[in-house]
There are 2 protein chains.
Amino acid sequence: MIKVGIVGYGNLGKGVSLALKKAPDIECVGIFTRRDASSVNPLVDLKVYPTSCLNEFKNEIDVLILCGGSATDLPQTTAEYLRDFNTVDSFDTHAKIPEYKEKLNRVAKESGKLAGISIGWDPGLFSIARMLFGAVLPEGNDYTFWGKGVSQGHSDAIRRIPGVKGAIQYTIPKVEALDLVRSGKNPTLSAREKHLRECFVVANDGADKAFIEKTIKEMPNYFADYDTVVHFISEEELKEKHSKLAHGGFVLRSGNTNGDNSHLLELSLKLDSNPEFTGSVLLSYARAVAKMAKEGHSGVVTVFDVPIKYLSPKTEDELISTLL
Amino acid sequence: MIKVGIVGYGNLGKGVSLALKKAPDIECVGIFTRRDASSVNPLVDLKVYPTSCLNEFKNEIDVLILCGGSATDLPQTTAEYLRDFNTVDSFDTHAKIPEYKEKLNRVAKESGKLAGISIGWDPGLFSIARMLFGAVLPEGNDYTFWGKGVSQGHSDAIRRIPGVKGAIQYTIPKVEALDLVRSGKNPTLSAREKHLRECFVVANDGADKAFIEKTIKEMPNYFADYDTVVHFISEEELKEKHSKLAHGGFVLRSGNTNGDNSHLLELSLKLDSNPEFTGSVLLSYARAVAKMAKEGHSGVVTVFDVPIKYLSPKTEDELISTLL
């Protein structure tokens with residue numbers, strides 16, 4: 001059995017704990033939290049410890065699954081955990097991955113541990129598609145579309161506008177843009193042409209809705225470069241109809257081999273629950289990191305480095321005879 | 001520069017030679033053929049040698065790209081080449097892959113060479129999708145659909161019927177079946193429900209068309225289990241409209257994480273030229289095999305074993321900063 005620990009029990013940690021039920025070869029030692037451990041109610045039967053107790057589990061955990069956020073948690077804490085544990089995380093600030101990797105690499109070199117970083121669906125499965133598609137079809141263009149799904153950062157930005165009581169923002173790929181890419185025309189697409197931003201906003205009583213709508217639509221970086229639709233709804237409707245964490249998207253590559261012989265490669269995901277699916281991906285990479293560490297690997301790996309056979313509980317022979 | 005040799009110059013060998021133009025880090029030493037070398041006219045500027053000369057190139061070739069067929073060529077010859085060369089091939093008789101791998105493994109253990117086997121899009125990219133999707137979404141069902149594309153074996157079977165002058169058979173995925181899978185209903189689908197078989201047949205003058213059609217539709221294994229449509233056309237039409245080697249297909253996985261939270265993962269390929277795309281995939285895996293062999297790997301690998309970073313001519317840092 002592979003032994004894991006879950007660090008952090010927000011949406012992602014919950015997703016990982018649910019995924020454990022479908023991993024016959026993985027045993028979870030417990031959930032580790034910085035909150036008061038007695039305040040955490042796991043969705044599955046697991047013990048909860050304060051993170052300060054982690055030291056006592058050094059020899060009992062093969063991989064720590066880090067479920068903190070990318071903004072502050074992971075940049076601050078992963079390096080520390082990596083001194084004593086192999087780790088996996090879903091660090092998703094794309095621009096900062098090289099710096100994050102570099103820092104962890106220095107720690108891993110000293111500790112001899114292995115870190116799997118930036119794992120989930122983007123970065124993660126979508127990165128695999130972009131890399132693989134580009135390698136097997138070198139002449140062509142890549143397109144990534146996200147959604148329909150909630151963008152947490154954009155929702156937060158709306159909530160900070162005076163007069164806004166609650167809000168949620170959906171990123172929606174434009175069908176016309178997707179169709180244009182699928183037609184093989186290799187279009188150049190602006191941000192506005194690729195995605196629509198739809199906002200559902202609850203305003204405070206007496207708030208100036210026209211001002212809120214204008215502020216959203218003109219917000220630089222977040223909304224100004226997009227077609228943005230704003231709906232004002234009631235607090236009840238927000239809770240009732242917009243609490244699902246669905247997401248998904250598309251990676252497409254369109255290109256030519258010879259003359260006008262063109263090819264279209266497409267990966268698409270449609271996810272009812274972003275954190276549950278991401279948790280499931282993270283758990284399968286925890287399995288891979290445990291196996292690779294056992295074989296003597298150390299350092300930092302991304303989805304580009306991990307042979308996919310390690311992700312499955314099945315034997316190599318079984319994989320070859322049933323899935324190859 | 002990575003140095004490769006192409007063995008066999010049929011459709012697939014031609015595809016590989018065209019793909020070379022888009023591989024800045026790969027140099028092709030030449031094409032090796034069992035035919036009279038002077039009768040081979042390469043599509044790109046390459047030397048042609050008889051396979052009997054391969055011995056002289058032992059130290060000049062990093063990987064031999066084997067472009068023979070799976071029925072007789074590869075099972076007979078790969079083991080021999082593997083005594084002196086690293087190899088890649090597109091062996092695609094799914095049921096015989098374990099036996100083929102076993103045999104090559106014995107040779108590779110002695111020779112210290114590395115063989116990448118069963119590479120293309122199915123087996124190949126579709127296998128990656130099936131394995132990866134199953135690992136990250138353990139509870140669910142897999143579906144592979146092929147087409148629209150020409151099935152060479154089925155076309156040959158029609159051509160063997162008395163009175164048939166020429167024929168081509170397309171395998172076509174049924175839209176209703178695809179939609180049912182995409183709806184997340186996890187249907188159980190028979191062969192007949194998944195694919196339609198459409199045949200374009202040129203009959204000899206005076207041949208009994210009713211007999212030909214009946215013989216096709218009732219042919220066991222090939223057509224009896226499918227809805228089969230037969231069109232009789234002229235020889236000119238066959239040449240004009242049915243000489244493209246387009247193909248493609250879909251791998252889908254639909255499943256649940258928790259309760260009724262379901263997810264749909266889908267890879268689709270739409271290929272204008274099956275051999276050109278397969279050749280391009282094969283060349284990128286030749287690159288990977290060259291790199292892995294240089295790092296000291298030997299034995300037999302499939303797409304499940306190869307970290308995808310090896311497929312690209314780009315550096316790891318470049319891959320991470322642009323594609324992760």
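Which residues does A:Thr278 touch, not counting residues up to four places away in sequence?

Analyst: First, the ground rules. This is a predicted model, in which local features need pLDDT of at least 70 and side-chain atom pairs count only at pLDDT 80 or more, while totals for chains, interfaces and linings use all residues. Residues are numbered from 1 along each chain as its sequence is written, chains are lettered from A and ligands numbered from 1 in the order in which they are written, and side-chain values use heavy atoms, with hydrogens and water left out.

A:Thr278 touches A:Leu12, A:Ile119, A:Gly120 and A:Trp121, once residues up to four places away in sequence are set aside. Contact here means heavy atoms within 4.5 Å. A:Thr278 counts as buried because its relative accessibility is 10%. The classes use a 1.4 Å probe and protein chains only: buried is under 20% relative accessible area, exposed is over 50%, and partly exposed is in between.

Now the helix around this residue. A:Thr278 sits in helix α10 of chain A. Helices (H or I, at least four residues) and strands (E, at least two) are DSSP runs, numbered from the N terminus. Helix α10 of chain A covers residues 274-294 and lies across β1 (2-7), β2 (26-33), β4 (63-66), β5, β6 and β14 of chain A. This helix runs at about 155° to β5(A). Axes are lines fitted to C-alpha atoms, for helices over the stretch in contact, and angles between N-to-C directions run from 0 to 180 degrees.

Next, the sheet under that helix. Seven strands of chain A form an open sheet with parallel pairing, in the order β3-β2-β1-β4-β5-β6-β14. β3 (48-50) and β14 (299-301) of chain A stand at the edges with a single partner strand each, so one side of each has no neighbour in the sheet. From one strand to the next, the twist averages 25°. Two strands pair if DSSP finds at least two bridges between them. Strand β5 of chain A (residues 86-89) pairs with β6(A) in the parallel sense over two bridges. Within that pair, A:Val88 stands opposite A:Gly116 of β6(A).

The peptide bond from A:Asp122 to A:Pro123 is cis, with omega near 0°. A:Pro123 lies in the loop between β6 (114-116) and α4 (125-136) of chain A. Chain B has a cis bond from B:Asp122 to B:Pro123 too, with omega near 5°. B:Pro123 is placed in the loop between β6 (114-116) and α4 (125-136) of chain B. In the loop between β6 and α4 of chain B lies B:Ser118 as well. Its phi is near 60°, a positive value in a residue other than glycine. B:Ser118 is buried, with a relative accessible area of 1%. Such features stand out because most residues other than glycine have a negative phi, and most peptide bonds are trans.

Elements supplying at least two lining residues each are α1 (11-19), β7 (140-146), α5 (152-159), β10 (195-203) and α10 of chain A, together with α11 (316-323) of chain B. The lining divides into 17 nonpolar, 20 polar and five charged residues. Ala, Val, Leu, Ile, Met, Phe, Trp, Tyr, Cys and Pro count as nonpolar, Asp, Glu, Lys and Arg as charged, and the others, Gly among them, as polar.

A pocket is an open set of points on a 1 Å grid over the protein atoms alone, with protein on both sides within 12 Å along at least five of seven lines; a cavity is a set where a 1.4 Å probe fits but cannot get out, and lining residues have an atom within 4 Å of a point. Grid points are joined across faces, edges and corners, and a volume is the space filled by probe spheres set on the points.

The whole structure holds three cavities of 30 Å³ or more. α4 of chain A and α4 of chain B are the elements that give two or more residues to its lining. That lining has 12 nonpolar residues, no polar and no charged.
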